[in-house]
Amino acid sequence: MSLKGRMLKALVKERLTAAAEEIFALFERTIADFEEELCRSNEENRRKQELLDSVMSPKVLLMKAGEVPTASPEPGPNQGLDQDQDQDQETPQASQTSWIKEEPEEHIVKQEQEQPQQTQHQQQPQQIHVQNTVVKVEHEGVKRFVKLPETDGIFCFAAFLREVTHKFGLPEQTKAELIVTDETGTEVDADFFDELMKCGVEQLTVRSRCPITDLDISLVNAPLETLEAAAAVCDDSTSPRSPMSPNSLLENISLSFLSNESSSSLTQPAAKRRKTIPSTDMDRSEAQQAVHSALKAHSKGMSIFREYAKTKTLSDRTRRLMVNILVTAMIDSYGQPPPSVRIAFAKGIVALFPCLEDPFSRNGYEHFYDPVGSTGYLAWRLKTVQRKSRSAKRSAKARPLQLLCSPTTRRIPPVTEDQLHGEECVEVLSQLTHTDDRSTIREKMRLTFQYRQNLVHSEETLTVFQVFPRFLDTPGLIEQDFSLIFGEDIPERFISKWPTYFKPKVFSECQKIPRVHTCELLSSLDSGPQSDYGWDSDVTSLLLLLHLLPPTPQGQKKMAKISSAQAADHLFKFVQKGSSVSTFLQTVDQRHPFLLCVGERKRQIETFFVVIDRTAVPCAAESTLAAFDTLFKAHYVFSVPYDDALAGFYTFIQTTVYNIDVGLTKETPRVKELRTRLLQEH
């Protein structure tokens, strides 16, 4: 297939994949809306059914006409009907007024009835009294109707507490710790409970004597799928008369144990919930078993095992699937999983899939979850789920201090015995401007290295070029200062490792990515050395690495998102031979270091410059790979931070190739994962 054909195929595949993902996302949102509407309908039907039940079994208090209703359940003997019997006899059908009191709606209905047998009413006034069957109970802000158990006409206080614990899903052992108060806040005990109920008390308040402190359940910030799963668990242990929707579960399961007045409504006993929650203190084998069980229980989990068994690694798509499955499992079991659970699952991943372990990290699983900075794939997915499910911003939590190293970190050089200071240093600086002997220049620059380091860490980079102008006309000084900072071993690592080990692995990894720009870069390798199309293989390998570590927004003021192809322009710039370099630099707005390549074509570069803040520093390198090596070292020599668009790219080169500040540099999970892939021996 031709180059254009492969590019067209990759472009069409990418567009179709994006369209399919949008269609599935719309379909999932539609299904979620339908499910939410169905849950609301079920909740409304349940509420109406409870209202209908309360109406069908009301508390009815019947009184004859002329009697004023009182709160006393037993009328006195003098509270009979005081009516004029002579007038009643003259009127054959006199009206009788009765009051009907119903709970919980508390409607008073006045009904006109015919007066039966006037003489019987004169002889014996009577009152028909029907006792309460339900009472409104409030527990921690939640109001529900509770049935009043009645035995031989007496309301039992202990039976009432049993009904309350069952209705509100409280643990059975907390029944003895419940305090019941009436509408005035007066505590009600077993001695006066029956009399108060017969007096027509309409509402009671129940609270715990001491707050519950042994639970840590929070489903308020959980996604809709989690709420549905939790509702299914609650349906198994609760009465079928009280089904729960995700919305009602969101309202009822919201525990906060910060004070006695905090709202807490648990829908099932804590002992039953703890049975579904595994221990957070897991060793490596237990963590491996937990991850294995979570993946095996999912319908797509076996595909992850098959891919790993075949390739000894996981693609980006499969890794995202695995992280989503495990995060869902953590939320289902723990609600808001504590850091110990996240560490256990990250530990279980690298225990179950050993080839995913990062050999340069302290524990090997920090790219899945790093407890120091709360970063990693698991932490990112949890934050995404919480951000989608919460309705209000939470206050930012303080994070522990981290010891991070970067090119701007002040370092102690290995040798400082023969460094010049004071007047001697000023004299040498004067001599530097009046000599053209390169060996003399290099020696005097070495003697003033400590002074120069103090300068770059306290002043602007441009000031360094004013004090040491030999950087602008003497190649090789950047490499010399870098060797003085790190010694003789580290400076040679990139040139020795990249062509033989990392370069072919980057080519192999990029062949798995069907993207347009990666296909263009790979196809340029087939062109001859005289071709005007594309860079040489060394630059191509670095640009492909940039596609494997694309730019990501960082910091509070995040930069505008750019593509890997746009980020490549922050790394290499080409100028045709014969063009004015100074004129080109006036058009450049980039302040971070980049490599300026001058030549007839991109494959035949003759001169290299490291450009820092529009100042061109010549390189002694004769190849693009050596020139890039000088570009990387310039960040440390002049104390310049990485370009935000190239932060992941440079961090990978720093920690994986040069092995500088391993474990002390902030690395993204993508950097750690790519290192794991490339260092894995297949």
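Guide: Beyond its neighbours within four places in sequence, Lys505 is in contact (heavy atoms within 4.5 Å) with Leu678 and Gln680. This is a predicted model, where local features need pLDDT of at least 70 and side-chain atom pairs pLDDT 80 or more, while totals for chains, interfaces and linings use all residues. Residues are numbered from 1 along each chain as its sequence is written, and side-chain values use heavy atoms, leaving out hydrogens and water.

Lys505 sits in helix H19, residues 493-510 (helices are DSSP runs of H or I, at least four residues, numbered from the N terminus). A polar atom of the Lys505 side chain lies 3.5 Å from the backbone oxygen of Leu678.

Let's move on to helix H12, residues 339-352.

Our last stop is a pair of helices, H24 (residues 624-637) and H25 (residues 647-657), which pack at an angle of about 95° with their axes 12 Å apart. That makes H24 roughly perpendicular to H25 (65 to 115 degrees; axes are lines fitted to C-alpha atoms over the stretch in contact, and angles run from 0 to 180 degrees between N-to-C directions). H24 brings Phe628, Leu631, Phe632, His635 and Tyr636 to the contact, and H25 brings Phe649, Tyr650, Ile653 and Gln654.

How values were computed: Helices (H or I, at least four residues) and strands (E, at least two) are DSSP runs, numbered from the N terminus. Angles under 35 degrees count as roughly parallel, over 145 as roughly antiparallel, 65 to 115 as roughly perpendicular and the rest as oblique. The expected span of a helix is 1.5 Å times one less than its number of residues. A polar contact is a pair of N or O atoms within 3.5 Å; within protein, one must be able to donate a hydrogen and the other to accept it, and residues adjacent in sequence count only if both atoms are side-chain atoms.
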